[in-house]
Every structure is written in structure tokens, then in C-alpha cells.
Amino acid sequence: MYPLFFYPIYKERIWGGQKLANKYSRKLEYEKVGESWEIACHENGIGIIQNGSLKGMSLKEAISKHGEELLGSAVYNINYKKFPLLIKILDAADSLSVQVHPDDNYANIYEDGELGKTEMWYIIDAKPSAKLVYGIEESCDKESFRQSIEKESLEACLHELEVEAGDVLYIPAGLVHAIGEGILICEIQQNSDTTYRVYDWNRVDDNGQKRQLHIDQAMDVIDFHSNPMGSLSGLKITQPGGQRILYIATDYFAVDELKVSGMMNIVMDGKRFQTLTCIEGQGTIDYDDERVSLTAGISSLLPASLSKIDLSGNGTFIRAWIPDKQQIIQRLEEQGYSKAQMSVIPGLEKI
């Protein structure tokens with residue numbers, strides 16, 4: 001096994017743009033590219049490996065052939081049904097629809113066994129004073145929310161949040177949200193493509209048609225009692241070679257930011273694969289006496305069987321994995337954090 005790189009899968013969207021070409025020198029297939037699926041194994045997009053001995057093989061095929069070696073025993077043997085993560089980069093040249101995602105139970109029943117969709121956003125870039133929709137105003141209950149949809153005037157019910165590069169947001173299933181114009185995002189999410197559009201700003205496509213809404217399903221799954229955490233502060237973890245900030249540690253995924261300025265060891269426990277996405281700068285991944293480059297805008301899947309990885313260079317990287325929460329709690333305790341301090345991490349609020 002070795003670090004795997006994939007050909008990106010581009011998705012044309014009414015709200016997409018060309019920032020992936022401008023920022024990361026990508027050759028794009030469409031004028032309005034809204035999504036680039038970087039590491040994907042979903043029926044709506046399966047990544048093809050572009051390097052090494054597995055070049056040309058799909059991620060699905062690689063998992064079938066090298067399941068535990070690739071994913072790790074804690075993922076493959078214990079709870080493996082499908083590859084658990086989907087890593088994307090989103091370019092919102094225009095505002096996305098106001099939307100919500102179901103949880104696992106609802107999706108399993110009503111979406112033919114699909115996973116729910118809990119996700120997180122790392123803001124790569126944002127125009128000055130960029131805003132996004134992040135939850136519902138406290139004054140808006142379920143009845144007034146539905147009435148506002150019917151009157152095509154939902155804006156008053158939506159809570160807006162101004163964001164800038166480096167902000168991190170947690171989007172659990174049930175939270176109403178919408179990415180605003182002029183924002184570039186790295187998204188880590190459950191491996192699901194189920195989205196219920198609540199409101200689309202009354203716009204029409206190039207054919208003069210409004211996009212489909214999913215109001216009944218949305219009303220079923222919206223959490224009207226959610227209390228969004230806002231931009232996450234995270235917890236710093238001392239590590240040679242740069243700065244590590246842990247942001248999320250849910251059952252679905254853990255995510256941290258690595259600001260590397262030298263050489264940082266990536267601890268692999270043999271039980272869980274990891275993913276790395278280079279946001280800015282560049283680095284090299286050293287493994288088993290081999291080395292590969294990881295440049296801005298590129299993601300890599302690190303197979304669980306890799307015993308030791310060193311990440312060197314100067315840059316910002318987002319790492320995701322399926323966590324052992326007790327390991328994370330132990331590491332945070334070693335850093336001197338109390339249970340109360342850990343509660344700022346989604347997934348550790350109730351420890």
C-alpha cells in the first residue's frame with residue numbers, strides 16, 4: 001500500500017464557477033464547476049486512482065481487493081458497509097440553495113438505505129464580508145418556517161454568519177444551511193449525496209425553470225431546536241513540526257488542521273485510514289523509504305497499513321479519519337485539557 005491520489009470528479013452546478021482553475025490551476029470540464037469530488041466512492045461518483053501499481057483502478061475495486069489493508073480493521077471489520085467519507089472542494093460563485101440533510105435513520109428508511117449526511121466546512125477562501133446561512137433564527141418556529149416557504153419569503157427565518165478563510169463550521173444532519181456567494185470550501189462529509197432543498201431564492205435555470213424543492217422531506221428532518229456552534233475554535237495539540245488544531249471528533253469523522261513548518265509525524269495505528277487535503281502551500285509525504293508530493297488543492301488517501309508517515313514542507317493541510325474517541329480524549333487529557341474545555345469539539349460535548 002501507498003498514498004493514493006485520485007482524478008477529481010467535477011460536478012456542474014448552477015451556482016458554480018472557475019475558482020478551482022484560478023486558485024489551483026485545474027483544467028475544468030464545465031464553465032460552472034460547483035463541486036470537485038476529491039476522494040469519492042459513491043454511486044454518483046467513484047474516484048479512479050491516478051498513481052502507483054493500482055493506477056486506473058477505482059476506489060471501489062481497490063477496497064474489494066485490499067479491504068482491511070486499505071481501510072483498517074476498525075473501519076472494515078467492525079462497521080464497514082460502504083466507504084464512510086466523501087471529500088469535496090466546493091466553489092460557490094453564487095449562493096447555494098437553502099438545504100438540509102437527513103440523519104442515518106431517516107435516510108435508511110426513505111432513501112433506499114443511503115447514509116445520512118453530517119458534514120463540516122473548512123473555509124479556504126471567501127470574498128470580503130462573505131456570508132452563509134447557518135441555522136434558523138430563534139424567533140422562527142416550524143409553523144412560521146413553513147408559512148415563509150409558501151410565501152417565498154424565507155429570508156427572515158434564516159440565520160446568517162459572516163465567514164473568512166480559516167473558519168471551520170460543523171453541519172450536523174438536520175441543520176438548515178446554505179453556502180453564500182464568493183466562498184471556496186473544503187468539505188468533509190459522510191458518504192451520502194442526499195440533499196433536501198428548502199428554498200432556492202426564487203431563481204430559475206438557463207431554461208427558465210425553477211429547481212425542484214423537497215419541502216415535505218425537509219420539514220421531516222429539520223432540527224428546529226438546534227443550537228449551531230458558530231465558527232469552531234478547536235483545541236491546539238502540541239506537535240513537533242508545526243501546529244495541530246483538532247476541530248471535530250464525531251462518530252462519523254474526526255478532523256484537524258495541520259499547519260506544517262518542517263516535518264510532522266502522522267501517527268497511523270494500523271486500524272484506520274486517513275485522508276489529507278493540502279489547502280495552501282505544499283508538502284511531501286514520506287513513507288516506507290518512499291516519497292510523494294502533496295500540493296495545494298490535492299487530496300490523498302493514506303491506507304491504514306502504512307505504519308509511519310512524515311509530512312514535511314510548509315503549508316496548511318486538513319486531515320480526516322474515523323476516530324477512536326477514547327484515544328482522542330486521552331491525548332487531550334495529556335495536553336492538560338479538562339472535560340469542560342473538550343466540550344467545544346463536536347462529538348465530545350457530552351463526555
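Which cysteines form a disulfide, and how far apart are their sulfur atoms?

Mentor: Keep in mind that this is a predicted model. The disulfide is formed by Cys-140 and Cys-157. Their sulfur atoms lie 2.3 Å apart, and the cut-off for a disulfide is 2.5 Å. A search of the whole structure finds one disulfide, and the link of Cys-140 and Cys-157 is right-handed, with 70° about the S-S bond.

Now place the two ends. Cys-140 sits in the loop between strand S8 (131-136) and helix H5 (142-150). Cys-157 sits in the loop between H5 and strand S9 (158-162). The pair therefore ties together parts that are 17 residues apart in sequence.

Next, accessibility. Cys-140 has a relative accessible area of 6%, so this residue is buried. Cys-157 also counts as buried, at 6% relative accessibility.

Then there is Cys-186. This residue is in no disulfide. The nearest cysteine sulfur belongs to Cys-278 and is 11 Å away. Turn to Cys-278: the closest cysteine sulfur is in Cys-186, and 11 Å is too far for a bond. Cys-186 is buried, with a relative accessible area of 0%. Cys-278 is buried too, with a relative accessible area of 1%.

To recap: Cys-140 and Cys-157 are bonded to each other, whereas Cys-186 is in no disulfide.

Definitions and conventions
Residues are numbered from 1 along each chain as its sequence is written. This is a predicted model: local features need pLDDT of at least 70, side-chain atom pairs count only at pLDDT 80 or more; totals for chains, interfaces and linings use all residues. Side-chain values use heavy atoms; hydrogens and water are left out. Helices (H or I, at least four residues) and strands (E, at least two) are DSSP runs, numbered from the N terminus. Buried means under 20% relative accessible area, exposed over 50%, partly exposed in between (1.4 Å probe, protein chains only).
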